[in-house]
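User: I have a structure here that I'd like to go through. Can you take my questions as they come?

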Amino acid sequence: MQIRKSIDKISDYVPGKNVDDLSPSVSIARDKIVKLSSNENPYPPSTKVIDAIVNYANKVNYYPDPHSKRLYGAISAYLNIPVDNIYVNAGVDGVLDTLMKVFIDCNDKVMIPIPTFTYYELTAIAHGAIPVSVTMDENFFISAEDILDNVDDRTKIIFLCSPNNPTGNIYPEKELFKVLDGFNGAVILDEAYAEFANQNYTGLINEYDNIIVLRTLSKAFGIAGMRVGYAILPEKIKKACLKVSTPFAVSYLSIEAAYAALNDLEYINYTIQKIKEGRDYLQENIPFKTYPSYANFVLVDVSPFKSSFILDELAKRGFIVRDCSSFRGMGDKFIRVSVGREEDNVRLVDAFNNILKIF
Ligand SMILES: *Cc1c(COP(=O)(O)O)cnc(C)c1O
């Protein structure tokens, strides 16, 4: 048996750690451990979402409706975007896989400014593309010129992530327009964290025919475990996506949970507000250099320590955070901390101070 050669070039996706990944030497009760490693919403889903999941549980002998009018209608109402320009799949990850199938022929190139979300590169290679990366400056900025200078006839996609994971900054509007104007291929703008930044570029679908905006229900909407993400995209691209994706990618219960979450904006907005306050608190009180964040996480420069060391020390104190050394171009001095609930943020800052006191 021979697997495709390109698969050997793909590094394993390194997810944020889970409670089960902690070393047995961590002697803290499981339910006391706070997971701040994957940028989930720390607040549980609202009762409306839980009721939806429970109420539809006895229907899962049926296949889901892949064109669910209610779910597409709810997204359409949320963003004021026509249903013809919306495409839903199993998380942004699922949307990305489908977009690769739509855009990539073998040895096409994709442009990825780094450091950024790792899955762009992984799915691109898996679908036969060659990733080309350009490195951001020390403030994680990259100009449109620097991006466009590294694009050629074989480049099919430019990835932009705003707010960017794991750095938390937003991509300047002026540069975004230059990229859109200067490139004929698809510009995939990942807005997974848009709700924490009061940012919304989905309306650009009416002005540009080469923009695809990605959104998810995993972060602000608080249902990461249900796996629902979507793209705002030209109708022609939506039709292509429907041809190549798995027919029932989003599960029955995920559709219902997403519909309920989108109809409970009051609760979502309440949690967003709490998270923004927590973000400010962490930025001001973590006793290391933090970077300004427009998302629900904070990037921390822990030098002179190594990220892996601080990770272990925080784990001993009951916190799982993200070591950024697995992000291409990040080095070994950054950790990413998701904003937790109020009381968790206070305890986290205490844990940081406690580490510094000892060393
Ligand atoms: C979390 C995250 C995603 C993944 O979203 P899912 O909808 O859960 O697959 C996509 N893009 C970025 C930048 C993320 O941080």
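**Salt bridges and other local features**

Analyst: Let's start with a pair: the side chains of Glu191 and Arg215 form a salt bridge, 2.9 Å from N to O. A salt bridge here is a side-chain nitrogen of Lys or Arg within 4 Å of a carboxyl oxygen of Asp or Glu. Glu191 sits in the loop between β6 (186-190) and β7 (211-216) and Arg215 in strand β7, so the pair ties together parts 24 residues apart in sequence. This is a predicted model, where local features need pLDDT of at least 70 and side-chain atom pairs count only at pLDDT 80 or more, while totals for chains, interfaces and linings use all residues. Residues are numbered from 1 along each chain as its sequence is written, and side-chain values use heavy atoms, leaving out hydrogens and water.

User: Are Glu191 and Arg215 buried or exposed?

Analyst: Both Glu191 and Arg215 are buried. Buried means under 20% relative accessible area, exposed over 50%, and partly exposed in between, with a 1.4 Å probe and protein chains only. Helices (H or I, at least four residues) and strands (E, at least two) are DSSP runs, numbered from the N terminus.

User: How many salt bridges by this rule?

Analyst: The count is 19. One of them joins Asp108 and Lys156, with the closest N and O atoms 2.7 Å apart. That pair links distant parts of the chain, 48 residues apart: Asp108 is in the loop between α4 (91-103) and β3 (109-114), and Lys156 is in strand β5 (residues 155-161).

User: Which side is buried there, and which is partly exposed?

Analyst: Asp108 is buried, at 8% relative accessible area. Lys156 counts as partly exposed because its relative accessibility is 26%.

User: What about Glu40?

Analyst: Glu40 meets Lys35 in a salt bridge, 2.8 Å from N to O. Glu40 is partly exposed at 28% relative accessibility, and Lys35 is partly exposed at 25%. There is also a salt-bridge network that links Glu145, Glu175 and Lys178.

User: Changing topic. Where is Ser38, and what does it touch?

Analyst: Ser38 lies in the loop between β1 (34-35) and α2 (47-55). Leaving aside neighbours within four places in sequence, Ser38 is in contact (heavy atoms within 4.5 Å) with Gly16, Lys219, Arg336 and Ser338. The C-alpha atoms of Ser38 and Arg322 are 7.3 Å apart, although the two residues are separated by 284 residues along the chain.

User: And why is helix α9 called largely enclosed?

Analyst: Because ten of the eleven residues of α9 (residues 252-262) are buried, the helix is largely enclosed by the rest of the structure. The buried ones include Tyr252, Leu253 and Glu256. They pack against α2, α3 (69-79) and α10 (265-285).

User: Backbone next. Which residues are joined by cis peptide bonds?

Analyst: Ser162 and Pro163 are joined by one, with omega about -10°, and Ser303 and Pro304 by another, with omega about 15°. Pro163 is in the loop between β5 and α7 (173-182). Pro304 is in the loop between β10 (297-301) and α11 (307-316).

User: Which residues other than glycine have a positive phi?

Analyst: Asn107 has phi near 70°, and Arg227 has phi near 65°. Asn107 is in the loop between α4 and β3, whereas Arg227 is in the loop between β7 and β8 (229-232). Most residues other than glycine have a negative phi, and most peptide bonds are trans.
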